[in-house]
Amino acid sequence: MSDRLRPGSLAIAERILDRCDRLGTVTSTPGMIERVHLSAEHREVNRLAAGWIGEAGLETWQDAAGNQCGRLEGERPDLPALLIGSHLDTVRDAGRYDGMLGVLLAIEVAARIAASDEPLPFALEVVAFSDEEGTRFGSALAGSRALAGEFAPDWWEYRDADGLTFADASIDFGLDPGRIGAAARRPEALVGYLEAHIEQGPYLEDADRALAVVPTIAGARRFALTMTGVAGHAGGTPYARRRDALVGASELVTAIERIGIDSGTIATVGHLQAYPGGVNVIPGRVEFSLDLRAESNEARDAAWDEIERTAREIAGRRRLAFHADERYRADATPCADWLQEAVAGGIRSTGDDDPMRIWSRAGHDGMAVSAVTDIAMLFVRCGRGGISHHPDETVTRRDTALALDALEQAVLAVAERVRAEPDRLVTPAPPEPHGVGLHR
């Protein structure tokens, strides 16, 4: 496979990577990248993004949820918009490209289209979401859920590690919690949403490919699990009388791995704590987590059913008690076929005639945005085994250039489809408010 790059794409890719480095310097923790929702660092990266969006020729504003936005009008004012973008917040000790690369690619695609003097049959909007990771308050997808009109009111009472509530942090940031609804978009005012994102996995690298189409974003469920037995003296309790919660939990952990492998799902125990925790005490209770992901809700739920049956069998055989508390559920989010084809066409334009399709094992803002409009995603290869959420996260200049060209062509393919099927656009209601801080 030989790639076909547009003239100037490598230079733009270099600028994108330089800007990723610049964003990477905005951190609350020296020596690592950490940038959370409604922080001083959030304010600074929004300021930087607003400047770059403005340089691209778009009008810019920060919405009522702290998302940084920009808009390029189409053939006439107030047409529905195609959204392109990603997020600017990070996990602790993050890499430079998760989210940030997608925002900067979107800005450069918008700049190219603005400079072409060939208006689209819709508006093009860039969005840099404020809180995809949920690192500060545990409110993952808060920015995109606000845009989708699905912000959960109980989130206002969530507290960060310092005890500050989400509502108070929003006020300190200069936002009004009472106006969060102003961030919501109406379905009739949108054409769709496209996001470029690093793969966060090894499949593109293993296949020696740069880009892929995402057919589905994983469905996930998360549980707090407990195995309860009886604590006892390690020296004085015979094996036949032990009701060791840790041995039972450990047997279940290995079974969870086996079930995940056999079913093609992803099942991870990321936290395990034994109580009372004495070196010479048989554990009487173990608390542990389960993160379960799959390409479909059916596969996810079938894997959980098998895990639960296995847990209860282990508990019964070892005279233990098993309890599961579901803490999180997100259904699998299929990408729209017509937008997937636009992304595939964009990849084909770069010289890859048979684009890979890789379902996303990680969650993304598109999961929330899908509540109001069709979505699709473009994956970009990340090296070093696909490592992400880590300082070693990396992309190449050439892959970035290919992603730039592919995303631009995907936008143009959407334009062709809309022109061919104008009923995809409806006569919009009066223009939506653009929030605060609007400037050109």
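These questions and answers walk through a predicted model.

Q: Is L141 buried or exposed?
A: L141 sits in the loop between β4 (123-129) and α4 (142-147). Its phi is positive, about 70°, although L141 is not a glycine. Buried means under 20% relative accessible area. L141 has 10% relative accessibility, so it counts as buried.

Q: Is D208 buried or exposed?
A: D208 lies in the loop between α6 (203-207) and β6 (211-214). Phi of D208 is near 55°, a positive value in a residue other than glycine. The cut-off for exposed is over 50%. D208 has a relative accessible area of 57%, so it is exposed.

Q: What span does helix α2 reach from its first C-alpha to its last?
A: Helix α2 covers residues 40-55, which is 16 residues. At 1.5 Å a residue, 22 Å is expected. The model comes close to that, at 23 Å.

Q: Which residues of α2 are buried?
A: An α-helix has 3.6 residues a turn, so residues three or four places apart point the same way. Look along α2 with that spacing in mind. The buried residues are E41, H42, V45, N46, L48, A49, A50, W52 and I53.

Q: Which residue just after α2 takes a positive phi?
A: Helix α2 ends at residue 55. Just after α2, phi reaches a positive value of about 100°. The residue is G57.

Q: How are the planes of F151 and W156 arranged?
A: A search of the whole structure finds seven aromatic pairs. In the pair of F151 and W156, the ring centres are 4.7 Å apart. Their planes meet at 40°, so the pair is tilted.

Q: How are the rings of F151 and F166 arranged?
A: The ring centres of F151 and F166 are 5.6 Å apart. The pair links distant parts of the chain, 15 residues apart: F151 in the loop between α4 and α5 (166-173), F166 in helix α5. The planes stand at 80°, so the pair is edge-to-face.

Q: What are the relative accessibilities of F151 and F166?
A: Buried means under 20%. F151 is buried, with a relative accessible area of 14%. F166 also counts as buried, at 2%.

Q: Which residues form one aromatic cluster?
A: Start from F151 and W156, a tilted pair. F151 and W156 are both buried. The cluster is F137, F151, W155, W156 and F166.

Q: Which residues lie over the faces of Y328 and Y275?
A: Over the face of Y328, at 4.6 Å from the ring centre, lies R222. For Y275, the distance to the ring centre is 4.4 Å. The residue over Y275 is R285.

Q: Which residues does V414 touch, not counting residues up to four places away in sequence?
A: The largest nonpolar core has 87 residues. V414 is one of those that touch the most other members, including L101, L124 and L378. V414 touches L82, F122, V191, L194, W338, L339 and A342.

Technical notes: Residues are numbered from 1 along each chain as its sequence is written. This is a predicted model: local features need pLDDT of at least 70, side-chain atom pairs count only at pLDDT 80 or more; totals for chains, interfaces and linings use all residues. Side-chain values use heavy atoms; hydrogens and water are left out. Helices (H or I, at least four residues) and strands (E, at least two) are DSSP runs, numbered from the N terminus. Buried means under 20% relative accessible area, exposed over 50%, partly exposed in between (1.4 Å probe, protein chains only). The expected span of a helix is 1.5 Å times one less than its number of residues. Rings of Phe, Tyr and Trp (its six-membered ring) pair if their centres lie within 6.5 Å; planes under 30 degrees apart count as stacked, over 60 as edge-to-face and the rest as tilted. A charge sits over a ring if NZ of Lys or CZ of Arg is within 6 Å of the ring centre and within 35 degrees of the ring normal. A nonpolar core is a set of buried Ala, Val, Leu, Ile, Met, Phe, Trp, Tyr and Cys residues joined through side-chain atoms within 4.5 Å. Contact means heavy atoms within 4.5 Å.
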